[in-house]
Structure formats: C-alpha cells, structure tokens
Amino acid sequence: MDLNLSAPTKALLNELREWSISEIRPLARETDRLHAIPEAAQKALANAPLQTSPFGGRIEYPERFGPMLTTGKDGSYALAYACAEEMVYGDVLSLVLAKGNGIGGKVVRLMGNPEQVAYWADGLDAGEFSYSGFALTEPHCGSDASALKTRAVREGDEWVINGHKQFCTGGAISDFIVVFVTVDPTRRSQGIRGFIVPKGTPGLSIVRANENKMGSRVFITSELSLDDVRIPVENMLGWPTPDVSGFASAMKTLDTTRASVAAMCAGIAQASIDQGRQYLAENRSAFSIQRARRFDDELDRMDSAIQTCRYLARRAAWRVDHALPHGREASLAKAYAPPLAEKVIGRILQWMGPDGYSEEYLVEKWYRDIKIQDIWEGTGNIQRMVITRTHDLAAIPV
C-alpha cells in the first residue's frame, strides 16, 4: 500500500496551504461571527489554486501542475483527502466555498440510475449546480437513522412527502437535496428510500437556514419542512428498481466520505500545533526553561499523533480508490481522529493560558470547530461499535 504523493500533487498541496493561510484565515473571525460566508470570500475563491470541491466528483486544477498521480488507480479520493487537509489548515470556510460541493451528488452517483447520475451528479461536477444537500437526520433521531418518520406515499405518477428534517447539510443553499424518507414504517431500515427534491419544489420550506452552532458555523445545516411535497416517480433514487435498502446505501455513501473527517482533523490540529510553536517562540521568556522544554516535547508528540490521523485517512482513501472494502477502515479513521485532535487543540489552548482562551488567537475557534467532527458522519461511539462488529478474530495472531 503506497501512501506517498507525487511531486505535482505536493506542489498543489503547498499552494493550497499558502492560499488558505493568506486568503482564508483572515476571514475566519468574520465567518464565525456571521454564521455565514462573508462577501470577501468570493474574491478569495477566485485566487484559489483549486476551484472545485475536493469532495465533488471531479477535481479541477490548473494544467501547470501536470498529472496528479497519487496513490490509487486514479487517486481521486487520496487526492481529495490531502487537498481537504490543506484547505482547512487556513479555516473550514475554504471547503464551503468550492464549487460542486455537497454530499448529495455522491449519494446520487452511488444510488442513482444512469439518467439520474448523468443529470444530477454529472451536472454538479460540470458546474450546472453549485451545491447539493443531504437530509437524513430528524429532530427525534440522530444516530438511529432507521427510525425516520418523514413519509413518502405514492399517488399515481408522483410521490408525496411529508415530514421534518434537521441539520440538513447545505439545505438552504442547495440546488437539490437528497431526502431520505420511509415508504413503509413497519419495515424500519428496509423501508427507507432516497428522493431527489429540487430547490423551489412547492411544499419544501426552509424553517431555519443555519442552526446556531458552537463551532464550524459556516457549514450550512438547515431545518426543513416538507408539506405535501410532490415529486415525479423518477426522482426516487434508482428508479424503477431502487435499492432494497435505501438506508444501507446511505450508510455506504458515508463510508466513502467518513474518513475525510480524519483528514480535516489532521488539518485543523496541525494548524493549532503550528500556532502553538509560534506562540512558544514569541513568548519563550514567559515560560521557565523546564516548562518551555516540556511544551516543545508535547508539540513533537502531538505532531507524531496527528501523522497517524493523516495516514488512517489516506489508507481508507487508498482502499476506496482501489474499489476494495473500506467501511471498517473509514470507521477506524473516524473514531480515532476527532477525540485526538480535540485533545491536542485543548492542550495547546491550556498551555497558552488566557491568550489561548481569547479571540486574539484562533486556537479557541479551532477548539470549537473540531467538536462536530466527532458527531457528524456517524458519531465516534457508533464507529467504535462498527469496528467491534467487523473485527476479524481469525486475523489476530495467537
């Protein structure tokens, strides 16, 4: 398993980091206060070496970098995770800005029929749509997504959807949203199906454009109401022969994106470590010799620990790129990285004392931003359950 990156890829990553520091990081505070994308962000995007989202179906980069040969057959997931790490190094705002964003397009590509993939997923990649939403969570259920109450009923050539969704990724800014609902509540997860609901469909309303969150505030997570939303039968994903378990397919979609959380954790934690080193260098006289050396030692060990996050993410990406089973590897990366990154950032904040807790430095923001990484894409506790259930006892040497 080769996890090395090519020279052109490294050149792109270096430019992404420089751009995220110079163009994105100065907007971090404004973004945090607005709970939205600031106007100056569009100008920053125009200067980006990568215009498209790393999590879209196709990454567009300048020809001057040459071929992006990475670790897989085409290396698309390995490249995406590496790019995401450098982009969030400046601030998580960078991931929201890029074109072709949103997990909805990936769901369509995984679950849709050829016509749906060509129109919706390929259209997103081509820039015909700017963002795609993903609506699974409801007010009464989070981790147990099989307990959905939002219902779809067939009426002739239409499906009629009624229900309520919460924390819908990109809901208020998406051109289309993939909404998971039940068509038969008695069948629990077996009765769940995915539907494509275009923006502006009558009955679809945005109750709250963006939840008031502790951190990662620029990520749009909307509350939706679906009141007699009528969509054509062909908007059911996979129509006319949909997957027998839309829930299982939704979880497979998250398997392909879940390890990206580890990459983002590596980027945010690395930014915090580097700020801790800079703070120590600028304020070394404020520490005793022993405390300064201890801080240096801790920062070195933090670097090593974050390298593990980085390689767990790239290992999962390598397996996706090679079409190998990757669910357990994605869960390992997702379970390990967020609590470690939170511990690292919290420790640096503590070392910096009142400065770390103040808004003068971004460490306190990054500490708030990192918490959601343990919650979305499947909580850490759920991932640990998945790892336990998929553990191959026969592989353990005796």
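The structure is a predicted model in which local features need pLDDT of at least 70 and side-chain atom pairs count only at pLDDT 80 or more, whereas totals for chains, interfaces and linings use all residues. Residues are numbered from 1 along each chain as its sequence is written, and side-chain values use heavy atoms, with hydrogens and water left out.

Two packed helices are described by the angle between their axes and the distance between the axes. Helices (H or I, at least four residues) and strands (E, at least two) are taken as DSSP runs, numbered from the N terminus. Axes are lines fitted to C-alpha atoms, for helices over the stretch in contact, and angles run from 0 to 180 degrees between N-to-C directions. Helix 9 (residues 260-282) packs against helix 10 at an angle of about 165°, the axes being 9 Å apart. The two helices, helix 9 and helix 10, are therefore roughly antiparallel; angles under 35 degrees count as roughly parallel, over 145 as roughly antiparallel, 65 to 115 as roughly perpendicular and the rest as oblique. The crossing of helix 9 and helix 10 is left-handed, a term used if the near helix is turned anticlockwise from the far one by less than a right angle, with right-handed used if clockwise. Contact here means heavy atoms within 4.5 Å. Helix 9 contributes residues including A262, A266, I273 and L280, and helix 10 contributes residues including F295, L299, I306 and A313. By class, the residues of this contact between helix 9 and helix 10 comprise 13 nonpolar, 2 polar and 5 charged. In this division Ala, Val, Leu, Ile, Met, Phe, Trp, Tyr, Cys and Pro count as nonpolar, Asp, Glu, Lys and Arg as charged, and the others, Gly among them, as polar.

The axes of helix 10 and helix 11 come within 9 Å and cross at roughly 160°, which makes helix 10 roughly antiparallel to helix 11. This crossing of helix 10 and helix 11 is also left-handed, and the contact residues divide into 18 nonpolar, 1 polar and 7 charged. A323 counts as exposed at 70% relative accessibility; buried means under 20% relative accessible area, exposed over 50%, and partly exposed in between (1.4 Å probe, protein chains only).

Helix 11 (residues 327-352) also packs against helix 14 (residues 380-389), with axes that come within 9 Å and cross at roughly 140°. Helix 11 is thus oblique to helix 14. The contact is formed by R328, S331, L332, K334 and A335 of helix 11 together with G380, Q383, R384, V386 and I387 of helix 14. These residues of helix 11 and helix 14 divide into 4 nonpolar, 3 polar and 3 charged. Helix 11 passes helix 14 in a left-handed crossing.

A search of the whole structure finds 12 aromatic pairs. Rings of Phe, Tyr and Trp (its six-membered ring) pair if their centres lie within 6.5 Å, and planes under 30 degrees apart count as stacked, over 60 as edge-to-face and the rest as tilted. The rings of Y119 and W120 have centres 4.8 Å apart and planes at 85°, so this pair is edge-to-face. Y119 is partly exposed, at 48% relative accessibility, whereas W120 is buried, at 11%. Y119 also forms an edge-to-face pair with F129, at 5.8 Å centre to centre and 65° between the planes. Because Y119 lies in helix 7 (residues 114-125) and F129 in the loop between helix 7 and strand 1 (132-135), the pair ties together parts that are 10 residues apart in sequence. F129 is buried, with a relative accessible area of 12%. Y119, W120, F129 and F176 form one aromatic cluster.

Most residues other than glycine have a negative phi, and most peptide bonds are trans. H35, in the loop between helix 2 (28-34) and helix 3 (40-46), has a positive phi near 60°. H35 is buried, with a relative accessible area of 18%. The peptide bond from W239 to P240 is cis, with omega near 5°, and P240 is found in the loop between strand 7 (221-232) and helix 8 (246-258).
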